[in-house]
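Reader: Could we go through this model together? I would like to begin with its sheet.

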Amino acid sequence: MRYRRLGNSGTAVSELCLGTMTFGTETDEAGSHEQLDVFLEAGGTLVDTANVYSGGVSEEIIGRWLKDRPTDVTDRVVLATKGRFALEEGPNSSGLSARHLTRALDASLDRLGVDSVDLYQVHASDEHTPMEETLRTLDGFVQAGKIRYYGLSNFTGWELTKLVHTARALGVRPPVTLQPQYSLIVREIEWEIVPAVLDAGMGLLPWSPLGGGWLSGKYTRDQRPTGDTRLGDDPNRGMEAYDRRGTDRTWRIIEAVEQVAQARGVSMAEVALSWVTNRPAVTSTILGARTTEQLRANLRSVDVELTPEENAALDAASDLGATDYPYGEMGVQQRSRDLAG
């Protein structure tokens, strides 16, 4: 396992992160604790959860693991959680207001059984709360010792840039990371969000790097999902839905990943994870596994270093085909400048 700076902070984290959205729903407590043990044994340090994962149960499971393990193990954990969405009904039960975030963080700390977390992330933006209010609240959490850093999740490029410059204007701490969806299938963030992250000196924590399991090779064009898989249980599941995501472009990407994997003698998941982990601005890629076997397989991606030719083949297969303006060739030419005149 290699280590990288947590965005623009001085803290080092593992290049792979253990995502815990499955804890308490798809993975029981014993399996969750086993995943945490295996991840730490492999050199992993960054553990990511959220207050809404399994309705708070994910945080509780992690909290009991932290309490049960010796400090020489748990001290290596860089712990991250999130707040923004509702766990109960009510007009103030969600959002990024000072009232809601304060209550959400206190509840997360209680479930985790800790006095502070290393990274607290706002799970999405909030059109109804002034950024100044949110930023002063987050900065107050740092001053109070409840969090060490804060980050963003699911922000657009303009929202991220506005927040960074607002923080500078207020003289408060800026965010260190952004957690977006990012994979060979979902590359739209490269148009505006990745440049904004690089400009701000932040780091990316990609979620769903296997495209909801699509890039592991478990789904095929000629057979609808069945059995014990995410889409086998529900083929219409969210943005990963079989009919929604099963486009010609997706199948082209899967074929390219399979070709690289077969030539290398590794799994498709290892190839897809290596690709995203080594993209610009990426700090740590979030692994979301239902079983320990899946986690072990995904951890092997740290040993896969793609060649320039392999990266080029994957880039070409997953190219989004941007039209001429503003992200295509003509738009890029309008923004370029030859210093030689």
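This is a predicted model: local features need pLDDT of at least 70, side-chain atom pairs count only at pLDDT 80 or more; totals for chains, interfaces and linings use all residues.

Reader: What is the strand order in the open sheet of 8 strands?

Author: The order is E9-E8-E7-E6-E5-E4-E3-E10, and the pairing is parallel.

Reader: Which strands stand at the edges?

Author: Strand E9 (203-204) and strand E10 (285-287) do; each has a single partner strand, so one side of each lacks a neighbour in the sheet.

Reader: How many bridges join E8 to E9?

Author: Strand E8 (residues 177-179) is joined to E9 by 2 bridges. Leu 178 stands opposite Leu 204 in E9.

Reader: Which strands does helix H1 touch?

Author: Helix H1 (residues 29-41) packs on the sheet and touches strand E3 (16-19) and strand E4 (46-48). The direction of H1 makes about 170 degrees with that of E3.

Reader: Now to strand E4: is Asp 48 buried or exposed?

Author: Asp 48, which is found in strand E4, has 2% relative accessibility and therefore counts as buried, the limit being under 20%.

Reader: What joins the side chains of Asp 48 and Gln 121?

Author: A polar contact of 3.0 Å joins them. Beyond its neighbours within four places in sequence, Asp 48 is in contact with several residues, among them Cys 17, Lys 82, Gln 179 and Ile 286.

Reader: Which residues of H10 are buried?

Author: The buried residues include Arg 249, Trp 251, Ile 254 and Val 260. Just after H10, Gly 265 takes a positive phi of about 75 degrees.

How values were computed:
Residues are numbered from 1 along each chain as its sequence is written. Side-chain values use heavy atoms; hydrogens and water are left out. Two strands pair if DSSP finds at least two bridges between them. Helices (H or I, at least four residues) and strands (E, at least two) are DSSP runs, numbered from the N terminus. Contact means heavy atoms within 4.5 Å. Axes are lines fitted to C-alpha atoms, for helices over the stretch in contact, and angles run from 0 to 180 degrees between N-to-C directions. Buried means under 20% relative accessible area, exposed over 50%, partly exposed in between (1.4 Å probe, protein chains only). A polar contact is a pair of N or O atoms within 3.5 Å; within protein, one must be able to donate a hydrogen and the other to accept it, and residues adjacent in sequence count only if both atoms are side-chain atoms.
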